[in-house]
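Open the model in your viewer and keep the selection tool at hand. The stops below are meant to be taken in order.

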Amino acid sequence: MSLRDVGFYLRGRLSQGVSRLANARRGGGPLVSVPLEEVLGRSGPPLALVPLLEGRSNAERESALAQHLEARGVAFSRHRFKSFEGRGENFVVELGGGDRVLVLIAHHDAVPGSPGANDNAAAVGILLHLLPRLTVPRGLRVRLLFTAAEELGYLGARAYVRDIPLGSIAGVLSLELCGIGDSLAVWDADTETDFLRRVTGTLGGLGLGRDEGYHVVGRIPVFGSDHRAFAAAGIPAYGLSVVPFAEAEGLRRFVLSPVRSALMHAVRRPPPFDTYHTSRDASSTLDPRALDLVSRALTAIVSEFR
């Protein structure tokens, strides 16, 4: 156990406690989910896959995702972890057979009291939708990593990085908040790398203009996600989200201000943070065009990876 681990533990428990109290105060009521048998093994667009996880406890979300992969006949491996911080199970799907690895991450857990649709069932739905549709170039392997316990200081990703050889990984993108908005955001991108140039070049090739169709944002002080576990190991790794273009400047000020972020439950939060970690984070708030935009971007990033 290191001081860094203790810091993650304390921050994760604080975040969970704040979310639990805030959602209880809002009176959102018990979480509601559709019967699992109605969505298990379902195919279709990303939004149709969100109910697989939405409104379930984290244990149920983890189990539902594993059952869904089995029902679809998808070969996957399990990475179990346990520490004083918590426990869980990551799921890994490998596509292609190349030596270089591109890792795409979506965490399957949510904070207490939140249905967890945009955070992060939407991202899981995107990767599940893409799973049979990606064309992986020769020499590349795409690793779909569905992590547990991201809300505990990205514990699942940190355990994965600790246990798995990383030498073949060329880049990592972790999907967060991918269901509301019309403009992509690549964040924690404070250092120019070949991988970042590949990603932004591909987005430009899709006709998305910089600072219009997509944004590149430096290190975000408070918010984080699973890619940071890989970045700490020296691997080019970034977050990928969707934001409303009309809110871009307000969002930039919001996420880059540590004080304002720390007080996020006491101020008006711009979309998509107005539902983030709340009892209002339901699939009814998601825009299928946002999920489709991320799907299109990831398909292009994979197919153009050289």
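Does His 129 count as buried or exposed? At 15% relative accessibility it is buried, because the cut-off for buried is under 20%. Bear in mind throughout that this is a predicted model.

**Stop 1: His 129**

Select His 129 in helix H5, which runs over residues 117–130. A polar atom of the His 129 side chain lies 2.8 Å from the backbone oxygen of Gly 44. Now show what surrounds the residue. Apart from neighbours within four places in sequence, His 129 is in contact with Gly 44, Pro 45, Pro 46, Leu 49 and Ser 295.

Stay in helix H5 and select Asn 120. The peptide bond leading from Asp 119 into Asn 120 is cis, with omega near 15°.

**Stop 2: strand S6**

Next select residues 183–187, strand S6. All 5 of the 5 residues are buried, so the strand is largely enclosed by the rest of the structure. In a regular strand the side chains alternate between the two faces of the sheet. Here both faces are covered: Ser 183, Ala 185 and Trp 187 are buried on one side, Leu 184 and Val 186 on the other.

Within S8, look for Leu 240, the bridge partner of Val 186. The bridge partner of Leu 184 in S7 is Tyr 214. To get from S6 to S7 the chain passes through helix H7, residues 194–205, and this β-α-β crossover is right-handed.

**Stop 3: helix H7**

Select helix H7. Its 12 residues reach 16 Å from the first C-alpha to the last, close to the 16 Å expected at 1.5 Å a residue. Which residues of H7 are buried? They are Phe 195, Leu 196, Val 199, Thr 200, Thr 202 and Leu 203. These residues cover an arc of only 155° around the axis, which puts them on the same side of H7. The cover over them includes strands S3 (100–107), S5 (169–175), S6, S7 and S8, and helix H11 (288–303). Just after H7, click on Gly 207, where phi is positive at about 90°.

**Stop 4: helix H9**

Move to helix H9, residues 248–255, where Ala 248, Gly 250, Leu 251, Phe 254 and Val 255 are buried. They cover an arc of only 160° around the axis, which puts them on the same side of H9.

**Stop 5: backbone exceptions**

Most residues other than glycine have a negative phi, and most peptide bonds are trans. Select Ala 149, in the loop between strand S4 (140–147) and helix H6 (155–163). Its phi is positive, near 55°, and Ala 149 is buried, with a relative accessible area of 7%.

Then go to the loop between helix H10 (258–262) and H11, where Pro 272 is found. A cis peptide bond joins Pro 271 to Pro 272, with omega about 5°. His 277 is in the loop between H10 and H11. Phi of His 277 is positive, near 65°, and this residue is buried at 3% relative accessibility.

**Last stop: the whole protein**

Clear the selection and show everything. The protein has 11 helices and 8 strands, and 56% of its 306 residues are buried. Of the contacts between residues at least 6 apart in sequence, 79% join residues at least 24 apart.

Conventions. Residues are numbered from 1 along each chain as its sequence is written. This is a predicted model: local features need pLDDT of at least 70, side-chain atom pairs count only at pLDDT 80 or more; totals for chains, interfaces and linings use all residues. Side-chain values use heavy atoms; hydrogens and water are left out. Buried means under 20% relative accessible area, exposed over 50%, partly exposed in between (1.4 Å probe, protein chains only). Helices (H or I, at least four residues) and strands (E, at least two) are DSSP runs, numbered from the N terminus. Two strands pair if DSSP finds at least two bridges between them. A crossover is right-handed if, with the strands pointing away from the viewer, the path from the first strand over the helix to the second runs clockwise. A polar contact is a pair of N or O atoms within 3.5 Å; within protein, one must be able to donate a hydrogen and the other to accept it, and residues adjacent in sequence count only if both atoms are side-chain atoms. Contact means heavy atoms within 4.5 Å. The expected span of a helix is 1.5 Å times one less than its number of residues. The arc is that of the directions from the helix axis to the C-beta atoms.
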